[in-house]
Amino acid sequence: IKTDGTLWAWGANWAGQLGLGDNTDRNAPAQVGAATNWVDVSAGMQHSLATKADGTLWSWGANWEGQLGLEDTENRYAPAQIGTATNWAIATAGDLHTLAIKTDNTLWSWGYNGDGQLGLGDTADRHAPAQVGSATNWASIEVGYNHSLATKTDGTLWSWGQNFNGQLGLGDNTNRNAPAQVGTATNWTSIADSSNHTFVIKTDGSLWSWGLNDTGQLGLGDTTGRNVPVSLRTTLPATVTIVVYNQ
């Protein structure tokens, strides 16, 4: 997104995930439509989501598991509005599922749910947004390959979905189909999630990691996996943003 509110996309486009009205790849930025009120965008594995300044939520690209939230499984080559709600705040696209928070701090999910990654208490897919529980204090969200994490406004951290590599940080390798609190800390702030490992920053600037570590991706000086948060023994400035490649 540019400062003028225009949206631009490039890269692979076989499922229309660039939103340009076709399935032709682009190797340079191309403007998505003519709208000038885009405010937030998230690129998943083969689908994309974005919100506009009017609080509407839009999706496009691959949709065979209903990850676009459009009540069907048809791919879209251009942005399509999800429902009629005008109070969407943020949305995050994963591989085959999606999370979003509304301005009332409720949490919503849809798409593939084979490992409980939608947090809805079951493993049934959803083709339209479904509310996750009844809490109204969700603050941030991050989507991994087949699992999800989120923080609440009270600083607690929650995770659910696939947990084969301990990526949920819950001390075991058991999947969860509903949000489970990660430890008891109340100062979690920023999440960066990948397919099988996770990084989170606390408000004191400390950096924590857990999950798969076969190539040392946790930054802990070894290749041993962790199923609970472990400190990297470093303090980061408040302005630092962490990014994890979802692979």
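Glu71 lies in the loop that links β5 (57-61) to β6 (76-81). Strands here are DSSP runs of E with at least two residues, helices are runs of H or I with at least four, and both are numbered from the N terminus. The model is predicted, so that local features need pLDDT of at least 70 and side-chain atom pairs count only at pLDDT 80 or more, while totals for chains, interfaces and linings use all residues. Residues are numbered from 1 along each chain as its sequence is written, and side-chain values use heavy atoms, with hydrogens and water left out.

Glu71 is not a glycine, yet its phi is positive, at about 70 degrees. The residue is exposed, with a relative accessible area of 67%. Buried means under 20% relative accessible area, exposed means over 50%, and partly exposed is in between (1.4 Å probe, protein chains only). Asn105 also has a positive phi, near 65 degrees, and is a residue other than glycine. Asn105 sits in the loop between β8 (97-102) and β9. It is partly exposed, at 28% relative accessible area.

Strand β9 belongs to an open sheet of 4 strands, ordered β7-β8-β9-β10, with antiparallel pairing. Two strands pair if DSSP finds at least two bridges between them. The edges are β7 (88-93) and β10 (126-131), each of which pairs on one side only. From one strand to the next, the twist averages 15 degrees. Axes are lines fitted to C-alpha atoms, for helices over the stretch in contact, and angles run from 0 to 180 degrees between N-to-C directions. Strand β9 (residues 107-111) is joined to β10 by 3 bridges, in the antiparallel sense. Gly111 stands opposite Arg126 in β10.

Another open sheet of 4 strands runs in the order β11-β12-β13-β14, again with antiparallel pairing. Its edge strands are β11 (138-143) and β14 (176-181); each has a single partner strand, so one side of each lacks a neighbour in the sheet. Direction ignored, neighbouring strands of this sheet are turned by 20 degrees against each other on average. Of the 6 residues of β11, 5 are buried, so this strand is largely enclosed by the rest of the structure. β11 and β12 form a hairpin with 3 residues between them. The antiparallel pairing of β11 with strand β12 (residues 147-152) spans 5 bridges. Trp138 faces Lys152 of β12 as its opposite residue. Strand β13 (residues 157-161) pairs with β14 over 3 bridges, also antiparallel. There, Trp158 stands opposite Gln181 in β14.

Pro229 is placed in strand β18 (residues 226-235). Beyond neighbours within four places in sequence, Pro229 is in contact with Gly169, Val182, Trp188, Trp208, Ser209 and Trp210. Contact means heavy atoms within 4.5 Å.

The second largest pocket holds about 350 Å³ of space. On a 1 Å grid over the protein atoms alone, a pocket is an open set of points with protein on both sides within 12 Å along at least five of seven lines, whereas a cavity is a set where a 1.4 Å probe fits but cannot get out; lining residues have an atom within 4 Å of a point. The second largest pocket is lined by 19 residues, and Ala9, Trp10, Leu18, Ala43 and Ser48 lie nearest its centre. β1 (8-11), β3 (38-43) and β4 (47-52) each give two or more residues to this lining. The largest share, 4 residues, comes from β1.

Conventions
Points joined across faces, edges and corners; volume = space filled by probe spheres on them.
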